Structures are given as structure tokens and as C-alpha cells.
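Hello,

I am passing a structure on to you, and my notes on its pockets follow below.

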Amino acid sequence: MAASLKVEFHFDFGSPNAFLAEFALPAIEQRTGVKFEYVPVLLGGVYKATGNMSPAESLRGIKNKAEYNALEIERFLRRHNIAKFTMNPFFPVNTLALMRGAVAAEFEGLFEPYFRAAYHHMWVEPKKMDDPQIFRDAFLSSGLDIDRIIARAQQDDVKKKLIENTNSAVARGTFGSPTFFVGNEIYFGKDSLRDVEEEIAAQLAAAQRKTA
């Protein structure tokens, strides 16, 4: 049953909340038996299509809201025992190259090491990852064949796939990152993870009843 349920994690490396949310996914997978599909989307494209903006912009000038956002992050770090997280001092970072790289790495069978390295250099040992030389040096330091991925990321099928992922996500209701889909049900933000897990359990139970 779990294998037949489509559960998706839509992410952009530029979202610190997507980085944090991903820490909780393995435990949900273990408890429910599902496997999240990781779907790269371009957050800048999502924002442009929906008229949304980053929290850094939306919180600017609002008394107490940014401070509460920081408090909520600290609570999340404690709840999930996340020891390695540093706000990127260059935030917001243009993630076009990073996200094309994610699609290229997926096509080349290198998604997992690329994904881990990208998040490490964005939110563990943060760097200005929209600088091409810093981008290349960072991935080389993580042992990736980044020149292969950079070359692949320039191909039209990679660019087309990222656009398709982004447009499809918006058409399904996405307005930011992280976004989760459990079947056709949409959930936004790291604080919706409990609801995501409950929906997974509910849909699995419903499917089991139909086959009983």
C-alpha cells in the first residue's frame, strides 16, 4: 500500500525551511513505509508566477514577526535534534544554477550526493552559491564531478524539466517551499509535517479498507 501512494517533497535549496523540513522526512518514511519523491522547483519562478515573496522581504519592517520566526526555527531545531544549521549570510541566493544542477544530477544518477553537498554549502557551511567559482569549488571540495553536472545542466532537457516541475507545482497550488503533496492533497511549510504524516496514514488506511 505504502509503495503505491505518491508523496512528494518540493524543494529549492534557497529555502532554509525546506532544508530543515527534510531532516524530518526519514522518520516519517520509517513510521509510515512511504518514500518521499524529491522534486526540484525554482522558487524564484514560483514567486514570480504567484506574486509571492521571500520571508526576508515579507517580514521586513513588521515589529516582532521576524523575531518570532527566529524563535520558531530554534524550537524546530531542538524538536528534531538538528545540530548543524547556519543562516546563510548571503541570503537570498539566486538558486537557478543550483536547481538546474539538481535536475542534471538526477539525470546523471548523482542526485543524492549532489543534494547533500548543495544543502551543506547553503546551510551548514554557508557560501555565496550563486557565484560560479564558489559554486564549483564548493562541490569539488565535496568530491563531486561537478564539471560533468555543470555541463549537463546547460542542456535543454534539464532546463525544460525544471520549468515543467515549477509550472506544474504552481498549477497544483504551490506558492512557496517546502511544499508537500500526499496524493493530491497539498501541505505547505515545515510546520505542516505532522499533518503530512497524518494524511499519509489516513490515505493508507483508506486504501487498505478498499482492498479488505
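How many nonpolar, polar and charged residues are in the lining of the second largest pocket? By class there are six nonpolar, one polar and eight charged residues (Ala, Val, Leu, Ile, Met, Phe, Trp, Tyr, Cys and Pro count as nonpolar, Asp, Glu, Lys and Arg as charged, and the others, Gly among them, as polar).

Before the rest, please note that this is a predicted model, where local features need pLDDT of at least 70, side-chain atom pairs count only at pLDDT 80 or more, and totals for chains, interfaces and linings use all residues. Residues are numbered from 1 along each chain as its sequence is written, and side-chain values use heavy atoms, with hydrogens and water left out.

A pocket here is an open set of points on a 1 Å grid over the protein atoms alone, where a 1.4 Å probe fits, with protein on both sides within 12 Å along at least five of seven lines; lining residues have an atom within 4 Å of a point.

The second largest pocket holds about 280 Å³ of space (the volume filled by probe spheres set on the points, which are joined across faces, edges and corners). Its lining has 15 residues, and Phe-76, Arg-79, His-80, Leu-193 and Arg-194 are the closest to the centre. Helix α5 gives the most to this lining, with five residues (helices are DSSP runs of H or I, at least four residues, numbered from the N terminus).

The largest pocket has about 950 Å³ of space. It is lined by 41 residues, with Asn-17, Tyr-47, Ser-54, Pro-55 and Phe-91 closest to its centre. Here too α5 supplies the largest share, eight residues.

Best wishes

Key: Helices (H or I, at least four residues) and strands (E, at least two) are DSSP runs, numbered from the N terminus.
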